[in-house]
Amino acid sequence: MAVLPEIDMINEAFWTKGRDGKIMIVQCPDCERFIHPPERICPNCLGRNVAPRAVSGDATIYSFTINHQPWLPDMAVPFALVVADIDAAPGVRIAARFETDDIAEIAIGQKLIMDFEEVEDIRLPFFRSAQEAAQ
Amino acid sequence: MTLQKACITGTGMSTVGRNTMRLAIDHLADAALAAIADAGLTRDDIDGICTYPGRSDNAPGMSPLGVGEVRNALGINTRWHAAIPEGPAQFGPVMSAAMAVMTGQARHVLCFRALTESSSQSAGRRASVPTGKNARVSGWLSWYLPMGAMSASNWAGWIATRYFHEFDMTREHLGMLATAQRENATKNPRALMQKPLSMDDYREARMISSPLCLFDCDIPIDGACAVIVSAGDAAKDCRNAPLQIEAMGAALTGKDTWDQRPDLTTMASHDAAADLWQRTDYKAGDVDVFAVYDGFSIFVPLWMEAFGVCGHGESKALIEEGAFRLDGRHPVNTGGGQLSAGRLHGFGHLHEACEQLWHRGGERQVSDAQVAACGAGGGFLAGALLLVRQ
């Protein structure tokens, strides 16, 4: 049973509008800064015109961990959790599960693509291996 | 106007245990009354109370007592009080109390931390996994829990994996830290774990969140710890040699996140410790004892680098040399730390630093300790204190 995020006006696009390997990341049109977690005001130029924009979820592993401990009674373990740099949104990282056939081979620098799992009104992002997807 | 620096004048700790089935307020009263007596004060001298984070019902047993419960239970009338949920980590109350006594809001402030995470866990609600009462999660936790990163061990695992990658550290190094801290714990009667831990025990331990195994994680406990923060002039009349809060560091750059910091081989610890050194003429080389947050073993090298004991990524060599051991050049977590003495959320570290500066360390005493550096927090939480015996 996943713990789901509370949706508000600032994070709604991120949690509900991801599809086709693309994720909605807030960007400031005035200074082009990507902002994640999303904010209402650009922390760089203080612009108020920030808006979510569909960005390719292609990403590169910055770091990872394999979780072995079932923190909830029905949690299946082990599974991989990565922190990945979003290639098309400099400065933005997304932490998410990485579904892979080869958990032992996970490495920093590995290329990922994004997929989504639908849970209630949420489209929960997770990563897959770009190489496995291409096969 | 130059403000006279605040001092720590007394400390107290309850018996720390697992599954004690005692009420939090009983632990708290033991710790608070011991601290007041240690300072040579009475309840009537205490005119301020401060805690971190305040009463919280979101994470089981993480903070069962707020300022109000403690005021009521101990019958203390205050001129100043506060709970600091968003501040320089677990040292928020100590720093706030220092500012309160420096500005005359209070003379003697009781700072406390009480936890019943062990009992809560045994009752079926896992400690430190914020399950909350609401079906949905908001705030910074919402970027991790829904993604499956439920535990701080996952977030610390990311830091450790990246640090290992960049600086060729291995589990052996963390094992050396964990076993050395256990050795310290066996010399600390207050420490939860009294049985030695061998490298083989460490190597064979089950993995929690790679590369962190069971012995890289601190231990949820039931217990409480209290320190008295006194105005500089009032401290002179107390029983112990005043431990002056020479400098405090609370700087924080970037966002409140565990994953967006550009360099995850550093933490907010680096901001706070660097800021601390801006506020004093003391240098890292003057420090006799370090007490640094070890919610996870990987935080220890990061904190030591943050304090400038060595350069970025250079902890590995110091660990191999044994520099962080009790008999090393930079003794760390001399009472066993949270890994072996139990998770008192930074207050245990502060307590041990004071024990060392008051030369009450017994078998684990660092010879003639005069200066202690304390760091609390991990990830985007950090507070740093430099204590100097007067």
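How many of the 11 residues of helix α3 (residues 92-102) of chain B are buried? The count is 9, so this helix is mostly covered; buried here means under 20% relative accessible area, exposed means over 50%, and partly exposed falls in between (1.4 Å probe, protein chains only). Among the buried residues of α3(B) are B:Gly92, B:Pro93, B:Val94 and B:Met95. Helices (H or I, at least four residues) and strands (E, at least two) are DSSP runs, numbered from the N terminus.

A word on the model itself: it is predicted, with local features needing pLDDT of at least 70 and side-chain atom pairs counting only at pLDDT 80 or more, while totals for chains, interfaces and linings use all residues. Residues are numbered from 1 along each chain as its sequence is written, chains are lettered from A and ligands numbered from 1 in the order in which they are written, and side-chain values use heavy atoms, leaving out hydrogens and water.

Now for the two chains together. Chain A brings 42 residues to the contact and chain B brings 38, where contact means heavy atoms within 4.5 Å. Between them the chains bury about 3,400 Å², with 57% of it on carbon and sulfur atoms; buried area is the accessible area (1.4 Å probe) that two parts lose on being put together, summed over both. There are 2 salt bridges between chain A and chain B, a salt bridge being a side-chain nitrogen of Lys or Arg within 4 Å of a carboxyl oxygen of Asp or Glu. B:Arg136 pairs with A:Asp121 in a salt bridge, and their closest N and O atoms sit 2.7 Å apart.

Over all chains, the whole structure holds 25 salt bridges. One of them joins B:Glu69 and B:Arg55, at 2.9 Å from N to O. This pair links distant parts of the chain, 14 residues apart: B:Glu69 is in helix α2 (residues 67-74) of chain B, and B:Arg55 is in the loop between β2 (48-51) and α2. B:Glu69 is partly exposed at 27% relative accessibility, and B:Arg55 is partly exposed at 48%. Another salt bridge, at 2.8 Å, ties B:Arg203 to B:Asp200; both lie in helix α7 (residues 199-204) of chain B, 3 residues apart, about one turn of the helix.

Helix packing turns up in chain B too. The axes of α5 (residues 152-167) and α10 (residues 299-306) of chain B come within 10 Å and cross at roughly 70°. Axes are lines fitted to C-alpha atoms, for helices over the stretch in contact, with angles running from 0 to 180 degrees between N-to-C directions. The two helices are therefore roughly perpendicular, the label for 65 to 115 degrees (under 35 is roughly parallel, over 145 roughly antiparallel, the rest oblique). B:Ala156, B:Ile159 and B:Tyr163 in α5(B) meet B:Phe299, B:Leu302 and B:Glu305 in α10(B).

Most residues other than glycine have a negative phi, and most peptide bonds are trans. B:Ala89, however, has a positive phi of about 55°; this residue sits in the loop between β3 (80-83) and α3 of chain B and is buried at 0% relative accessible area. The peptide bond from A:Val77 to A:Pro78 is cis, with omega near -5°.
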